[in-house]
Amino acid sequence: MKKPDSPQGIGASVPRKEDARLMRGRGQFVADLRFANLQDVAFLRSPYAHARIVSIEVPAALRAQVFTAQDLQSVRPIRAVSGLAGFKVSDQPILAAEKIRYVGEPVAMCVAASRAEAEDIAAQVRLHVEELPPVVDMLFGRTAAAPRLHEAWEDNVFLETNIEVNTEIFKQADISVTRVIRTNRQAQAPMEGRGVVAYWDPRLEQLTVYSATQMPHIVRTGLSECLGLPHEQVRVVAPDVGGGFGHKGILLTEEVALSWLSMKIGRPVRWLEDRREHLVATANCREHHYVITGYAKRDGQFLGVSCEATVDSGAYSSYPFSACLEAAQVASILPGPYDFPGYACKTYSVATNKCPILPYRGVARTGVCFALELVLDALARELSMEPHHFRQQFLVRPEQMPFDNITKKHFDSGDYPKALSMAMQAIDIEALRKRQQHGEPDGRKIGFGLAIYCEQAAHGTSVYAGWGIPMVPGKEQCTARITPDGGLELRIGAQSHGQSMETTMAQVAHSMLGIDIERVRLIHGDTAFTPYSTGTWGSRSMVMSGGAVAAACETLKKRLLHIGAWLLRAPLEEVRYEEGQVIGPAGRVSLQQIAHTWYLRPQDLPVDVDPGGLEVTEGYRMVRDSGTFGYGVHAVTVAVDPVTGDVEILDYVIVEDGGTLINPMVVDGQVYGGTAQGIGTALYEEMAFDQRGQPLGSTFSDYLLPGPTEVPNLRIFHLETPSPYSRFGQKGVGESGAIAPPAAIANAINDALRDFGAELLESPITPRRILEAIDRAQSAKASSVAAAERVSS
Amino acid sequence: MKPAPFSYEQISQAQQVSASLLRSDASVKIIAGGQSLGPMLNLRLAQPTHLIDITRLAALKTVQSSSGSVTLGACVTHANIEDGCVPGRLGEILSEIARAIAYRAVRNRGTLGGSLAHADPSADWITTLTALDAELSVRRADGQRWMKIAGAMSGPFDIGLGPGEWIDAVRIPEFASGSAWGYTKIARKTGEFAHAMVAFLHRPAQSSLRVVFGATESAPIVIDHSDSILAGADLESLKALAHQRLLQAGLNDPIDNRVRLAVMERAIRKAQSGRRA
């Protein structure tokens, strides 16, 4: 690892500033906020997956406390369109009006002095419906036989895309393997669920909405659209937010409903998402289906892949990312970190009677990594090659950088083959292969698996404008203000909900201006105080807001030099800025003295002083906005119990290249957390549905998350290849950990079970699925032996 | 996720419990640690109108050893047991069982009596105390009776308590000298309810063995047999017998049963390799 430029600057693992309050339980989350006259809201949610509403019966005594779609006629539905050709638009009603399209869809809003009383009211509202057959399976949903979710559509497909590049070359393949691969639905499960408090401020004539969101400005725009209020009458505040992972990157119907209600009843109203609502009602993620074929020549030359991918988008297109982001990403990033000549990918985004899906940490990368890496291992087995030897042949090489891949993704920098070699050395593949030959005394089977990924991050205008979704990131801004006593306030529109930005942005400012990080205050998460931003998602904040902070500090430095030179009676060319001081040929003046002069002794300022003073707003974009490409290799060994289907992770190696690391400790934290979530995807988490569209994982006893004992010691190694396009060479790394674990763990399990001929192709890999796969493989073997005997007899 | 309205009462006299349970003007439930009832209240799966809290009854937190048995009050927590409130080899066995129940936070509050009264088929005490041949002290308005746990469950979440009846203590026979014990369960992750569990007790002095399958979605399946069945080099005949009993109980998923039998085998191996009392 590189040496930090100073004990507090870029590259230093300084402890997190925010931990002083968060580790003492003094954070202020939405649920911690107190308001006079607050009323609590509970939603009556649909118990049906697909139904036509006949009537909603509200007891007469409760009429003033129950609100339905009839009351909200002035409110516009949530509409998240995509500019991609053929995209079908869905209108998501704030409260279900004529039709219900998923279990958990809000039907009535009940308000009372406490949540318990609001739930009591909800229990007395009767919903009468005519049930309709639901679309539960996305593949069925694609067929003509499926009932229609949105009547105006001719089918249930939000969007179909198709890409074909040089598929002729597949004819040269000696071998091809086809696999049907599925990643099941998940819930993001941040520590803190969603939460909203809304009130109307009569003095400011402004709606104020506190929300557990990762994009307050986008929520403000969405609320403005739905409520018909101009932006200046809407303020959105994200206080402390306990993790997002995409679940807080959505405009909720509940945010719109509560906003309307607060204006209607003239009191602050609150809704706190409970775990059941989180699991079944607001949004899920990750549900993909792949039919994927890999092609190769006998000598191991990889020719490419063809794929048909289906994404279960749920009932509505969620705002702002839309129902197409996931599938569009599948098509564009399925090729992963590899260089190969032929590619075809067709995608379907299908509407089903389930809650909408959202991009979850890693977005589609986790799914495509799973699909591609499993097929690569299947090919390697077919070729009798070691999986790493096979991949080394067609990984993008450092001398190719910058490299445009088959889908025109522009890789900025990196040494992928080196990362793979490092991982293989750390996991000690030779020792493992020997151990496999000896077998285990306890009868378990040992396996090795790896997965390699890249993570396009902080991609900007050109990429998102192409998708035409409601939100296109532009230049990211920072307002930086030096205070009269020499402190620094940074205002950014990104929103830290676990990313440690209060620390890392301060480190950037420290590197630029030499101010002690204790004197740097990050102001974020409030539309009243911060520049407009699409928020924190897509591993973008360290690159984009970090770049903006640097740009603003750069401008401040120029102004400090100008005033400092004047105070030193030295020509501007003869002064320099160093560690919080302007130094001239015959003296020095501190940042504090300059600040004091600007604010409190303006009579001492030069006549030509910049009237903007010590407050600047600068915008930043990367040299190229095609994104940074962080990447990594996950190499895993597992032990599988073929009797019980139990999986133990024996060793887990991660080689990660996030470019220049601003705070290596924070990066490791991101990798740990992401990998834990990836282990959840691999082995535990599944939001199952029954035939009638009832979600089966409505509590944490049915929806399993990995706990501390399920996450092994991760051994993390770093490469630091700077991005040529970002301010300090930093790359986005926030999602990296969550991408590769399902693929690496599945490959390890499949390696362990290769003697059985069993292959696991569906996440999560449960003990049951392992035992079924072993059974299937054994009965296939038995019947082929029987067939062979019949032939020979 | 808030409970339906209920009233709450702390009971200070054991005699009041049965009377409260028999109230005709309320649906009454006992709460002790609340580790199962709490979530059920919040999910409104249980909607009693009155809760009586028995954790202030000091007698329910005692552990008494007498010749041949140890008696634990119903409000002794899993954590108390984990931390060794029961002496001797039996205490070690119980401590080991307790240590694998859910998480320490749950064990700090969850009680032995509460777990048995709740009678979740996948809970640890129902299965292990069946194997150890424990008895429940069942109190009612006009007296008290002892009820063996083995055979008490008539279905899931039903330990066979009548109106006004409640559990105030559990009596567990001393662990006989020379006996061998093995308990194995497998769960998707640490702290989760098991999807297969077997407790095994071999008493050479009586030439008998007992195998108890838990996590059956209903009452545990108990196999009492002469230990001659262990005489063979392998366990095939015992496995065949057990398999038959699983099928008779309506458990016919082949994969689940294969896992259950493997767990049985592991419990037996554990008993055979473990030290004897």
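Author: Of the 793 residues of chain A, 56% count as buried. Buried takes 20 or more other C-beta atoms within 10 Å of a residue's own, exposed is 12 or fewer, partly exposed is in between, and C-beta atoms are placed from the backbone. This is a predicted model: local features need pLDDT of at least 70, side-chain atom pairs count only at pLDDT 80 or more, and totals for chains, interfaces and linings use all residues. Residues are numbered from 1 along each chain as its sequence is written, while chains are lettered from A and ligands numbered from 1 in the order in which they are written.

Reader: How many helices and strands in chain A?

Author: Chain A has 18 helices and 29 strands. Both are DSSP runs numbered from the N terminus: helices are H or I with at least four residues, strands E with at least two.

Reader: What does its C-alpha trace span?

Author: About 110 × 75 × 50 Å along the principal axes of chain A.

Reader: Which residues touch the most others in the largest nonpolar core?

Author: A:Val41, A:Cys110, A:Ala509, A:Val549 and A:Ile749, out of 242 residues. Such a core is a set of buried Ala, Val, Leu, Ile, Met, Phe, Trp, Tyr and Cys residues joined through C-beta atoms within 7 Å. Helix α14 (residues 541–567) of chain A gives the largest share, 15 residues.

Reader: Where does that core lie?

Author: Domain 1 (19–26 + 475–620) and domain 2 (364–453 + 626–779) of chain A both contribute residues, so the core lies between them. Domain bounds come from an automatic or database domain assignment.

Reader: What is A:Val549 in contact with?

Author: Beyond neighbours within four places in sequence, its contacts include A:Cys478, A:Leu490, A:Met505 and A:Ala509. Contact means C-beta atoms, placed from the backbone, within 7 Å.

Reader: Switching topic. What's the strand order in the seven-stranded sheet?

Author: β3-β5-β1-β12-β9-β10-β11 of chain A, an open sheet with mixed pairing. Strands pair if DSSP finds at least two bridges between them. The edges are β3 (66–67) and β11 (234–237) of chain A.

Reader: How do β1 and β12 run?

Author: Parallel, with two bridges joining β1 (residues 39–45) to β12 (residues 269–272) in chain A. A:Gln39 has A:Val269 as its bridge partner in β12(A).

Reader: And chain B, which domains?

Author: The domain assignment gives chain B domain 1 (7–53), domain 2 (58–173) and domain 3 (180–272). The centres of domain 1 and domain 3 of chain B, over C-alpha atoms, are 35 Å apart.

Key:
Contact = placed C-beta atoms within 7 Å.
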